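Good morning, and thank you for coming. Please look at the model on the screen while I go through it chain by chain.

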Amino acid sequence: MSESTSRPESEGTPHPTRGDTSQSHLADIATTDAALELPPEQSGFGEGVIGEVLLDIEGLSKSFGSVHANRDITLNVRRGEIVALLGENGAGKSTLVNQIFGLITPDRGTVSVKGDSTPIKDPRDAIRRGVGMVHQHFQLVPVMTVAENMVLGHESTRAGVVLDLDSARRMVRELSEKHGLAVDPDAEVDDLPVGTQQRVEILKALSRRVDLLILDEPTAVLTPQETDELLGVMRELANSGTSIVFITHKLREVLAVADRVYVLRQGEVVGEVATKETDATGLATMMVGREVVLSIDKEPATPGEPVLEIEDLHVRDDRGLAAVDGFSLTVNAGEIVGVAGVEGNGQRELVEALAGMRKVVSGRMRLGDLDLTTANPYQTHHAGLGHVPEDREKHGIVGSYSIADNLVLNEFDQAPYAKSGVRQFDAVRENAERLREEFDIRSSGVFQTAGSLSGGNKQKVVVAREMAFKPKLLMAAQPTRGVDVGSIEFIHRRIVEARDEGAGVLLVSAELDEILSLSDRIAVVHGGTVVAEMRVEDADRTEIGRLMAGDH
Amino acid sequence: MERLSTWASKNRTPLVIAAAVLVAAYAFNLVRGDIAPSMFGAAWGYAIPLVLAALVGVIGERSGVVNIGIEGQMLLAAFAGFFVAAVSGSMIVGVLAGIGTGLVAGGFLAVTAVRWRMDQIIAGVVLNIIATGLTSFYLVSGQSLPGVIPNVSVPLLSQIPLLGEVFFSGRSVIALIAILAAVLVHLALFHSRWGLRTRAVGEYPSAADTAGIKVERLRMVNVTLAGSLAGLAGVYLSMDASSTFEREMTAGRGFLALAIMIMGAWRPLRAFSMALFFGFVNATASQLQQTGGFSIPPQLTATLPYVATLVVLAVAAGRVRPPGAVGQPYVKKDQ
Amino acid sequence: GGDTGSDTGSGDTAGYSTDDSNCADEEVFCIGLVTDTGNVDDKSFNQSAHEGAEAAATELEGVYKYIETQDAKDYAANMAQFTDNSYDAIVTVGFLMTEATVAAAEENPETKFIGVDQGYPEGTELTNLTGLIFPEDQAGYAAGFLAGLMTETDKLGQVLGQEIPPVQKFAKGFENGAKAANDAVSVQTVYHPAGDNAFNDPVWGAGEARKQLAQDVDVVFGAGGNTGNGALQEVAKADGAGESVYCIGVDTDQWDTVPQAQPCLITSAMKLITKGVTDTLMTAESGEFEGVQTVGEAGIAPYHDFEDTIPDDVKSQVEEIVAQLQDGSLETGVTL
Amino acid sequence: MSDTRTEEAPPPSDGGPREPEAPKDRAGLLAYLIGHQSGVVIVVALVIALLIGAALIRYQGVNPWYAYEVLLRGALVNDGALTRTLQKTAPLVLTGLAVVLPLRVGLFNIGAQGQLQLGAIFGAWVAYVAGGAGFLGAVLGMLVGIVFGSVVGLLVGVLKAYRGVHEVISTIMLNYIVAGVTFWLVVGPLQGESSRTSGIPQTESIPEAARLDTVAGVPVGFAVAVVLAAVCWWVLGRTTFGFRFNTVGANKEAARYAGVPINRVVVLSMLAGAGLAGLAGALEALGTLHRFEPAIVGSLGFDGITIALLARANPLATIPAAFLVGILRTGAAGLQFQTGIAPEIVDLLLALILLMVSIPVLGKWLFRSRADKQSVATTSWGN
Ligand SMILES: Nc1ncnc2c1ncn2[C@@H]1O[C@H](COP(=O)(O)OP(=O)(O)OP(=O)(O)O)[C@@H](O)[C@H]1O
Ligand SMILES: Nc1ncnc2c1ncn2[C@@H]1O[C@H](COP(=O)(O)OP(=O)(O)OP(=O)(O)O)[C@@H](O)[C@H]1O
Ligand SMILES: [Mg+2]
Ligand SMILES: [Mg+2]
């Protein structure tokens with residue numbers, strides 16, 4: 001109970017190296033009976049005994065209409081433990097953690113935190129009990145500053161009413177220093193790159209007293225460096241007594257940081273395993289219920305004519321700053337060119353410019369015969385550009401439309417889906433049924449609204465649509481973000497097939513593994529321009545990482 | 001001091017515009033001292049209910065709730081204020097009844113649009129029709145008010161040339177409250193805990209929810225409380241600006257207030273200035289008619305305020321960004 | 001209106017009946033009234049006509065009912081409600097119903113029609129129809145004359161409803177009368193901007209009156225239904241009301257209809273609609289209309305409490321003017 | 001994970017033709033009722049609204065059933081009543097559509113009032129001038145009505161699409177501007193010769209031959225309105241043109257991505273909606289008043305909002321919605337005549353109906369199911 005009880009100091013301790021530390025940490029918990037007493041309420045960490053059961057879930061069930069999102073789930077998390085939840089898209093992971101955070105009321109079962117099993121009413125209640133959560137989708141108010149977001153809901157005030165933003169800023173600085181997550185308290189969230197937004201989310205959760213931290217796919221939007229940074233923070237938190245529930249689709253991360261893993265399938269816990277007793281293949285098999293091929297095997301490319309030529313392109317971002325700055329690249333038929341780079345280096349603007357959705361300042365872009373610099377999305381599509389957009393919810397699908405309509409979103413006025421301006425619903429339905437089959441889109445039928453699909457299935461709808469019309473160039477931006485391994489495998493296979501059928505593929509991804517395993521050629525971008533181009537055979541992971549970081 | 005200068009640099013454009021307007025106003029006063037004060041006075045008089053009503057809109061929409069029922073809220077309050085005062089023989093009772101009615105009308109919107117998640121536009125339209133129907137249906141003629149709402153002059157402030165004369169001298173209490181309300185709502189919205197939460201709820205309710213704020217409750221409270229300002233605006237119409245209640249006497253002011261709210265970019269003080277601008281163009285239009293000498297038919301000069309508004313918006317900043325979640329009921333994940 | 005329940009539901013409170021089952025009967029005289037989208041409690045011409053009809057029905061121990069039109073396209077249908085029930089006389093109020101009234105009169109020769117404020121085109125020859133019109137310009141002239149004599153600042157103001165003929169006649173008469181009394185006078189005139197609430201915007205009326213007062217106007221003529229009433233009430237609240245600033249009402253003696261205006265109301269430019277309607281209804285019951293147009297009376301209302309405030313020589317000058325207007329020796333000079 | 005969601009039927013389509021809902025295999029009446037939930041909810045809502053209305057009428061000392069009987073007789077049964085009701089319904093269908101079309105794109109048109117008025121005055125004037133041409137004159141009048149209504153819509157659309165001026169502001173402002181301009185026209189350049197002497201603000205009366213009459217008791221205007229409602233429904237639901245509208249309304253960003261020219265669709269939707277309002281004005285001039293006078297607009301434009309909302313932005317449903325409003329408005333006068341109840345009672349009834357029909361919880365109470373999350377039509381109130 002005294003100050004002298006030591007907690008690892010952030011500056012002093014090197015980040016635990018992945019893998020081995022987590023193993024030893026688990027061993028700690030498993031073997032050490034000697035309780036580590038923690039200072040109460042100090043720096044936001046709870047009092048308690050490492051190793052005791054902190055979160056105990058029993059018989060938890062929740063259904064939405066006829067969908068059993070969670071069935072009779074029983075699991076527990078001990079203090080200082082990192083537990084990963086794994087499962088395909090729609091397996092019920094988010095539903096599960098949302099119940100712990102009071103966002104969803106369970107149909108049956110109990111959630112007890114620190115032995116208190118009264119139902120959690122709402123997030124306010126959850127927060128009060130020491131639960132913090134980073135949500136799958138950002139829960140930040142875009143037009144507010146970092147500091148404002150951080151204190152929202154527990155603001156300090158002067159004279160009881162006047163908002164004390166100075167103390168908020170101070171708190172942001174302190175927290176960000178303590179956890180080594182740099183953010184500017186006065187920056188508006190809207191202006192921040194996604195990686196930084198995620199940092200804000202994490203700090204926000206930590207700004208309250210947190211005994212149990214839930215992270216729902218926090219790494220989906222992070223670069224490898226940022227991911228490592230986060231995993232380090234997680235390890236550190238766990239060491240000092242915070243329990244963490246961690247959801248991710250990336251097995252590498254699970255193996256690196258988690259102590260234990262629960263695997264969910266169709267709303268049920270189908271397995272529980274200690275990370276030291278399993279490996280990636282084992283986890284993937286548990287998740288999907290069959291063997292998953294984690295590596296892509298593809299024939300060497302046979303590049304043909306150039307399909308896309310970009311020369312000295314300049315494009316501005318939303319704030320009017322140069323985002324794409326002298327970008328040149330050529331994509332040939334029958335090859336996959338991967339654009340690797342830390343997010344925010346002009347990739348989004350590049351993709352939008354190519355798709356005709358953003359004005360070009362200067363430069364040349366050609367797709368076959370079409371001059372893309374002045375083309376609109378309609379023209380680019382009809383010139384043979386398939387575009388899997390980065391933000392599928394925003395651009396890729398119309399949530400209130402049926403899957404069938406979404407599958408013809410940019411072909412609806414073409415034969416056979418329309419004849420002289422009149423839509424042909426039979427053709428639309430047939431197309432949808434064919435693609436649903438072919439792309440394994442899991443739904444009740446082709447007239448289900450696309451908005452009600454799980455993330456992976458939404459992505460399949462988009463991919464199906466963009467590949468179905470046999471594009472000359474398939475441009476895929478972050479095509480597997482937030483998608484489960486089974487679907488990733490599937491989408492990757494389809495991309496390679498498209499290449500083999502002669503399409504050029506421009507793959508934009510922040511996922512270095514994805515770039516490395518799919519691409520035939522790699523262009524590394526930094527600051528809106530290509531800083532290096534190489535064949536995949538010549539690529540070296542660390543070298544690319546160095547280039548991405550702007551070290552060239 | 002430092003705070004002041006950062007504040008000034010952050011608000012450079014509005015400050016420059018305000019300064020320019022002030023200079024122009026004093027210049028006009030210098031040239032036409034015979035009509036300038038009265039025109040500004042008329043402009044402000046015209047703007048008073050619009051300011052109050054626009055604040056209702058601002059509070060509602062900043063919390064994420066569209067309120068196109070302001071017209072109806074004002075009408076009901078005007079009705080209740082007038083008749084309760086007439087029957088009870090007490091002005092203050094009437095005023096309170098009017099404000100209370102505004103609250104009830106706000107509560108109606110809160111319950112239907114927020115709690116029941118009825119389409120917000122429909123809820124507002126329903127409120128407007130109910131108000132028109134009820135107040136005409138139960139109108140009794142031949143009543144009159146037992147007194148007047150007192151005019152007051154603010155010491156010191158009323159000494160300021162022109163501005164003091166227009167805003168602080170011999171104006172009714174409600175006019176002063178309108179100024180105060182605009183300032184207070186501005187301060188509250190941008191500098192208080194309530195304001196931060198309100199804006200969060202109107203921008204991105206799920207972020208507020210996950211931060212432990214009860215979205216529905218806050219929305220309901222805000223929409224209901226804002227009703228009191230609509231009530232005050234209604235009371236102003238039937239008990240202060242005029243001393244009578246007539247069918248549909250709000251005459252579209254609730255809708256104009258919405259336009260002013262948007263022109264004011266959902267900011268209280270900017271809406272306040274827009275209401276003044278609107279009032280001024282109105283005063284100019286009627287002054288043109290009244291002084292004669294122009295061959296423009298009065299029907300056409302009467303359209304001046306509206307034309308001016310459109311032109312200003314088309315030329316200048318048309319694009320303003322509304323609160324992100326306005327119009328959408330907040331549906332929790334499992335409902 | 002809210003009072004309809006008692007008015008027509010239980011006729012015995014009034015001196016007439018609302019039971020129209022025997023209208024076909026010779027003995028029973030049934031009167032119907034249709035407004036042009038106004039209400040019978042508008043403190044203005046609809047109300048005056050309504051009261052006139054009530055008075056006639058009481059006098060004749062007849063039947064009386066009314067319909068407040070909601071939509072300009074319903075005039076014919078609303079009149080048909082009465083003709084279908086064999087009413088004997090129908091009063092239609094407002095010049096907007098001019099044409100519909102002529103048409104109905106042609107179709108129903110057995111029914112007498114009285115159109116208040118309606119001037120029919122040359123060549124209209126119907127014996128069952130009369131349009132009751134008033135020399136508003138004369139009433140305005142007399143009121144303006146009084147105002148011209150009363151003003152200290154030589155500035156008069158008019159706050160008016162929609163720019164339509166009856167209002168224009170009042171207003172121009174007022175201006176001419178004022179100038180005749182005092183050629184230094186200037187008259188500031190505002191009509192309500194077009195819109196369907198031109199006669200129903202007391203707040204606007206009050207605002208305009210306030211502005212005029214601030215510009216040194218000391219007599220305000222409020223002519224435009226509730227809009228004008230708003231102006232009167234504002235003047236009544238002003239400093240010096242009844243001492244240095246005055247107001248003048250319109251249509252009826254507004255001392256009675258708008259009591260809040262009493263502090264400043266020196267008179268009203270009246271057209272005697274109530275009397276006109278009662279009289280023509282009596283004629284309708286007993287015999288033939290005097291012609292296709294009936295000219296009603298116009299004038300100014302009593303001074304009430306201002307009897308003593310207004311100097312005697314002013315009173316006598318005004319009296320003289322009124323007499324000259326009535327005997328036709330003085331023209332108002334108003335042409336529309 | 002998979003096909004567990006079989007029972008999740010597609011949400012009620014909001015207008016466009018969609019595939020029928022998956023049949024449910026529950027037996028009997030209950031199943032039927034549940035299958036036709038929205039229909040049942042509307043009927044129940046109507047009944048509740050009328051019951052509350054009955055209480056209000058009772059409170060006025062009148063037997064409510066008698067009052068409703070009078071209302072219905074006056075609107076449907078009496079001689080010529082049905083024709084009159086249909087006559088009133090016609091412009092209401094069109095102003096309803098004038099709100100529906102932009103609503104589908106996410107725009108809130110509260111300017112039908114002004115659009116109608118401008119269409120009415122020029123429609124009336126042209127029909128008068130071209131009256132010699134008989135029916136052709138009438139057709140011309142209608143076309144001109146559409147054109148002038150559209151001009152207002154064009155202005156709103158262009159300001160919105162290219163200058164970012166919020167349509168709610170511009171339509172409110174234009175309502176006032178049009179009112180001023182038409183009033184000036186009708187006491188000035190376009191005032192009828194015969195009205196000039198008496199000063200009545202109205203245009204010349206349209207010659208008999210160019211008026212729109214009734215055919216077998218059905219007003220021509222009504223037929224035109226019904227056909228147009230059907231056309232709108234078909235276009236929105238079945239054509240690529242309509243698909244563009246709906247897509248912009250549903251997800252602007254996705255529409256851009258899909259190559260839909262958003263600005264053009266925004267302008268077109270306002271143009272089309274306003275054109276229909278203009279046509280409503282012309283129909284009123286040609287078929288009802290046979291001339292223009294300012295009172296022609298009444299509350300038609302604002303009723304259009306009520307109707308669009310009652311119809312849940314479904315073009316076909318504007319017909320019954322408008323008919324309902326038509327019945328109430330037609331029956332109101334007789335109601336006052338027969339029972340002494342002020343005609344404003346119909347406003348109260350209308351408000352109650354709209355309220356009851358739109359309360360999502362009503363469906364919940366009735367069926368103990370999840371609230372009908374499908375909102376009527378989401379306006380991009382803010383954008
Ligand atoms: N509010 C809701 N209404 C209806 N169904 C829902 C709702 N929320 C989730 N579901 C369904 O419940 C199931 C579980 O969803 P959940 O979001 O928990 O999956 P997940 O495992 O988090 O998937 P992902 O990896 O894509 O995030 C899915 O089938 C989903 O469609
Ligand atoms: N869920 C809520 N939504 C909106 N306002 C709330 C909510 N809870 C409390 N308030 C208001 O906020 C004010 C402060 O409440 P409270 O003391 O519970 O919060 P706090 O102390 O700021 O939060 P914390 O304890 O998390 O630091 C009170 O005036 C209360 O009315
Ligand atoms: Mg999830
Ligand atoms: Mg507290």
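Before anything else, a word on terms: two residues are in contact when they have heavy atoms within 4.5 Å of each other. Please also keep in mind that this is a predicted model.

With that term in hand, let us take chain D. Of its contacts with a separation of 6 or more, 75% are between residues 24 or more positions apart. Chain D has 16 helices and 2 strands. Of its 383 residues, 60% are buried. Its accessible surface is about 13700 Å², and carbon and sulfur atoms account for 65% of that area.

Now to chain C. Its secondary structure consists of 11 helices and 12 strands. In chain C, 64% of the 336 residues are buried, and the accessible surface is about 11800 Å², with 44% belonging to carbon and sulfur atoms. Among the contacts between residues at least 6 apart in sequence, 70% join residues at least 24 apart. How does the radius of gyration of chain C agree with that of a compact globule? For 336 residues, a compact globule would have a radius near 20 Å, and chain C has 20 Å, so the two agree. Along the principal axes, the C-alpha atoms of chain C fill a box of roughly 60 × 40 × 35 Å.

How do the chains meet? Chains A and C, by contrast, do not touch, and their nearest C-alpha atoms are 38 Å apart.

Let us turn to chain B. An unreviewed UniProt entry lists residues 43–60, 72–89, 95–114, 121–140, 160–189, 220–239 and 251–269 of this chain under "transmembrane region". Residues 220–239 of chain B are 100% helix and 0% strand, with the end C-alpha atoms 28 Å apart. Residues 251–269 of chain B are 68% helix and 0% strand, and here the end C-alpha atoms lie 24 Å apart.

Chain B also carries a nonpolar patch on the surface. It is formed by Leu180(B), Val183(B), Leu184(B), Leu187(B) and Leu269(B), which together have about 430 Å² of accessible area. Which helix gives the most to the nonpolar patch? That is helix H8 of chain B, residues 173–191, with 4 residues. Leu184(B) is placed in this helix. Because its relative accessible area is 51%, and exposed means over 50%, Leu184(B) counts as exposed.

After H2(A) comes Gly102(A), whose phi is positive, near 80°.

Ser443(A) sits in the loop between helix H14 and helix H15. Is Ser443(A) buried or exposed? With a relative accessible area of 1%, Ser443(A) is buried. Its C-alpha atom is 7.1 Å from that of Leu453(A), 10 residues apart along the chain. His68(A), in strand S2, is partly exposed at 38%. Leaving aside neighbours within four places in sequence, His68(A) is in contact with Lys62(A), Ser63(A), Gln266(A) and Gly267(A).

In one of them, the side chains of Lys114(A) and Asp211(A) meet at 2.4 Å, N to O. This pair links distant parts of the chain, 97 residues apart, with each residue in a loop. Lys114(A) is partly exposed at 34% relative accessibility, whereas Asp211(A) is buried at 0%.

Another salt bridge joins the side chains of Arg541(A) and Asp513(A), also at 2.4 Å. Arg541(A) lies in helix H18 and Asp513(A) in helix H17, 28 residues apart.

In chain D, Glu69(D) and Arg73(D) form a salt bridge at 3.0 Å. These two residues are 4 apart in helix H3 of chain D, so about one helical turn separates them. Glu69(D) is partly exposed at 37%, and Arg73(D) is partly exposed at 39%. Back in chain A, salt bridges that share partners join Glu52(A), Arg79(A), Lys114(A), Arg209(A) and Asp211(A) into one network.

Thank you for your attention.

Conventions: Residues numbered from 1 in each chain as written. Chains lettered and ligands numbered in written order. Heavy atoms only, no water. Patch = residues over 30% accessible without salt bridge, like charges linked within 9 Å, V, L, I, M, F, W, Y side chains within 5 Å. Areas by Shrake-Rupley, 256 points an atom, 1.4 Å probe, with all protein chains shown as cover. Salt bridge = Lys/Arg side-chain N within 4 Å of Asp/Glu carboxyl O. Buried < 20%, exposed > 50% of the residue type's maximum accessible area, 1.4 Å probe, protein only. UniProt positions renumbered as here; feature names shortened; annotations may be inferred. Rg over C-alpha atoms; globule rule 2.2 N^0.38 Å.
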